[in-house]
Amino acid sequence: MAAVTSALIAIAGVVLGWIAIELACKPCLEKGREAIDRSLDPDYDPDDDEISVPINPPNHDLQEQLNPRPDHDSSIAAVSSATAIKTV
C-alpha cells in the first residue's frame with residue numbers, strides 16, 4: 001500500500017510542477033506554440049503577414065543626446081579646428 005501512496009504523491013508532484021511551469025512561462029510557450037502551428041500549416045505564407053509598426057517609435061532627441069553629430073557639438077568642432085593636420 002505504501003508503494004501506491006508514493007506513486008500517487010509522485011504523480012501529483014509532477015502534475016503540479018507541470019502546471020507551475022505552464023503558468024510561469026505562459027507568454028513564451030504561447031509564442032512558441034504559435035510558431036510551431038504556423039510552420040506546420042501548409043497554407044501559411046509568411047509574405048501575407050502584415051507589417052507591424054513599433055509600439056514605441058525611437059526617440060530622436062534621446063538618440064541625439066547619446067550620439068551627437070559632430071557638426072552640432074561645438075566642443076568637438078573647436079578641437080578639430082585647433083588641431084592642424086598636414087596632408088601629404
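User: How many disulfides does the count come to in this predicted model?

Analyst: A disulfide is a covalent bond between the sulfur atoms of two cysteines. The rule applied to this predicted model requires a pair of cysteine sulfur atoms within 2.5 Å. By this rule, the number of disulfides is zero.

User: Which cysteine sulfur is nearest to that of Cys25, and how far away is it?

Analyst: Cys25 takes part in no disulfide. The sulfur of Cys28 is too far from the closest cysteine sulfur, in Cys25, for a bond, because the cut-off is 2.5 Å. The nearest cysteine sulfur to Cys25 is that of Cys28, at 6.6 Å.

User: Is Cys28 buried or exposed?

Analyst: Buried requires under 20% relative accessible area, and exposed requires over 50%. Cys25, with 35%, is partly exposed. Cys28 has a relative accessibility of 59% and therefore counts as exposed.

User: At what angle do helix α1 and helix α2 pack?

Analyst: Helix α1 covers residues 2-24 and helix α2 covers residues 26-40, with their axes 5 Å apart. The angle makes α1 roughly perpendicular to α2. Its value is about 80°.

User: How many residues of the contact of α1 with α2 are charged?

Analyst: From α1, the residues Ile21, Glu22, Leu23 and Ala24 meet Lys26, Leu29 and Arg33 of α2. Four residues of this contact are nonpolar and none is polar. The number of charged residues is three.

User: What percentage of the span of residues 1-17 is helix?

Analyst: An unreviewed UniProt entry lists residues 1-17 as "signal peptide". The end C-alpha atoms of this span lie 24 Å apart, and its strand content is 0%. The helix content is 94%.

Technical notes: Residues are numbered from 1 along each chain as its sequence is written. This is a predicted model: local features need pLDDT of at least 70, side-chain atom pairs count only at pLDDT 80 or more; totals for chains, interfaces and linings use all residues. Side-chain values use heavy atoms; hydrogens and water are left out. Axes are lines fitted to C-alpha atoms, for helices over the stretch in contact, and angles run from 0 to 180 degrees between N-to-C directions. Helices (H or I, at least four residues) and strands (E, at least two) are DSSP runs, numbered from the N terminus. Angles under 35 degrees count as roughly parallel, over 145 as roughly antiparallel, 65 to 115 as roughly perpendicular and the rest as oblique. Contact means heavy atoms within 4.5 Å. Ala, Val, Leu, Ile, Met, Phe, Trp, Tyr, Cys and Pro count as nonpolar, Asp, Glu, Lys and Arg as charged, and the others, Gly among them, as polar. UniProt positions are given in the numbering used here, feature names are shortened, and annotations may be inferred rather than shown by experiment. Buried means under 20% relative accessible area, exposed over 50%, partly exposed in between (1.4 Å probe, protein chains only).
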